[in-house]
Amino acid sequence: MATYQILIVEDDPDESDRLRSYLERYAAEHGKDLHVTTYDNAVPLIESRREFDLIFLDINLPGISGMEAAQLLRAYDETTLIVFVTDLAQYAVKGYEVNALDFVVKPANYYGISMRMDKAIRVLRRRSGRSVTLSAHGGLHVVPLAEIVYVEVANHDLAYHLASGDVVRVRGTMAAAAGELADGPFVRVSNSHLVNMDHIASVRDGAVVTSDGGNVFFSRARKRDALATIASYLGGSI
Amino acid sequence: MAERITSYGLVFVMAQLLFAAHLFARQQPRRDGFVTRLWASSAAGLAAALGIWWVAFSWFAPTSQPSFAITEFVVFCLFFAVVVACVGQCYATSVWNVLFCCAAGYTVQNLSSGADGAIRLVVQASGFDANSLAISVASIVISTVVVYLACYHVFVQPMEQSGVVDVRDRPTLLLVAAVILVDILFDMTNKMLPGYGVPLSMLLALRTGHCVACVLTLVVEFEMLYNRQLQGEMTAFSRMMREEEKQYRLSKESIEAINIKCHDLKHQIRHLRGYDGSADAEALRDLEREVGIYDAAVKTGNDALDVILTEKGLLCEHEGIDLSCIADGSCVAFMSPADTYSLFGNALDNAIEAERDLDAPDKRGISLNVRRSADLALIHVENYFSGPLSFAGGLPQTTKPDAGNHGFGTKSMQLIAQRYGGTLTARAQGEVFCLDVMLPIPKLEPPVAR
């Protein structure tokens, strides 16, 4: 079972304790392993550079504010999830500037925390760091899933288009590839194309625009479901 | 040989007609004393049927074929009038709706009559006596039950799911009435033909033709209703959009007025605080906080979004719902203010509606996220909900009983999303409802109207 490292940065000890108890309750109810640390100000967060999966960050802190801390954090860390906990709703609106996942209104209640935790875990689960081993004509390639932009059928082969620009050609069927990548962020946009949703830059005119600028077209049969899957994935609902 | 028309046969036909008409009319608003009216009118209808039979076939008693046929035709037209009168007595609705239901009911009865005739043909041709009591009764019962059940499932139930029948397309209804008359003529002709020695295969073909004509008539009636439904929806949408636009302007003005007032109040509070010790510092702080709530104008960088979020924010405050928004207004700047107001307004209205009746007050929290990812604007709304929720085509189905009058908010959102080339989808994750709207950000952003 995955362990999630969670940090609470909150100067009000009551609020801090309450959050901790909610997380413990959530862990018990959902069968998750959560390791919770608390700081009462944001300085150790910046100074220690210890890595966490998710940070519950108060905005109104002594010394450096939560928002400033988040900005400093983002300078070197794009991935740690941030959920602001605050009663200053107006400031939290700008949370997108630091790519905050969400914010919770103070005083927090269990269901509010639970809803955010569900979403956080859905996002954290995506970071499996898995790789696939592709036996190409020229040898074996171990490719992290995150590197794959899309997979397409090319004659009797499969072409794995990677973020680096390389293309790895492998003998195999799309059905088998889709099965192997089933627990990854991939969506079947047509019978011959499988796209990594983390590499979708846009969707327009019946095609997905990938991060490398390419267009991958939907098939009529799969378009509606594929769009729904993409929208749900990018929105954090699945 | 002309079919003998018995008194009980004709009374049974009237019963069939009344039953079928009421099947279609059952959702119409009922008049007071409905049950009494139902029994009384039905009894009157059956009595009228008997009376008409007596006048036509006992007193007038035509013998020659043509006059028999004409009499029969007149009888059935009178029957239609009687059915309309009886049904009209029971429901408080427009004449046109009554006509619609009676026409549909008439067609169903016609269809079962045709089926009955077809069964008898086959039975007769197989060597049995189709006029024997046992066969006659069996044939009528089977044809009635099968046809009525089928029509109920295929026509009545879908009609009821789309809301109460309300017919406005009168020209088409008159056309339908004409077609029904033709159906009747067709049926009667089919009954007469065996007496002229027409071969079985041709008779069956004609019977099939009659059945097809009846089904087509029902389909046309159904489509009429559906078109009216669509028209109704379009009208409702336009009305909604106009209302929303008006609301947007009002809201914007109100918020601006409140902001100015708050600004002044804060100024005065600061001024009061300036006096040393004479004003209660804590009371002033509380006052400042209270004023601050109404100054909680959300600033997302997008005017229309600010307006709708502030408006809904105040509503949530009033309903005891925590609304948390993280919104990059600039990423939806390409949407028109009216569309922005409508899309977000509907999304939040749905969320508020879902949470309004939740028993656990702690579950009253809505999370809204508007962010940009590469060239996509992503709108995500999460809220708790209770009760069964079914989805069709990525959209939640309304749980309200009169489905035809609800669900506009969601459909409106979907229309707007589609207009911008985007996608709207929703799903439930346990007790949490998740709505996602994904909109491609146009390459060249139009100048933002501020």
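The side chains of A:Arg122 and B:Glu382 form a salt bridge with an N to O distance of 3.4 Å, a salt bridge being a side-chain nitrogen of Lys or Arg within 4 Å of a carboxyl oxygen of Asp or Glu. Across the interface of chain B and chain A, 1 salt bridge is found by this rule. The model is predicted, with local features requiring pLDDT of at least 70 and side-chain atom pairs counted only at pLDDT 80 or more, whereas totals for chains, interfaces and linings use all residues. Residues are numbered from 1 along each chain as its sequence is written, chains are lettered from A in the order in which they are written, and side-chain values use heavy atoms, without hydrogens and water.

At the interface, 42 residues of chain B contact 36 residues of chain A (heavy atoms within 4.5 Å). About 3200 Å² is buried between the two chains, 56% of it from carbon and sulfur atoms; buried area is the accessible area (1.4 Å probe) that two parts lose on being put together, summed over both. In chain B, the most area is lost to chain A by B:Ile326, B:Asp362 and B:Met438, together 17% of what that side buries.

Within chain B, the axes of helices α9 (residues 303-319) and α10 (residues 337-356) come within 8 Å and cross at roughly 15°. Helices are DSSP runs (H or I, at least four residues) numbered from the N terminus; axes are lines fitted to C-alpha atoms over the stretch in contact, with angles from 0 to 180 degrees between N-to-C directions. α9(B) is therefore roughly parallel to α10(B) (angles under 35 degrees).

Key. Helices (H or I, at least four residues) and strands (E, at least two) are DSSP runs, numbered from the N terminus. Angles under 35 degrees count as roughly parallel, over 145 as roughly antiparallel, 65 to 115 as roughly perpendicular and the rest as oblique.
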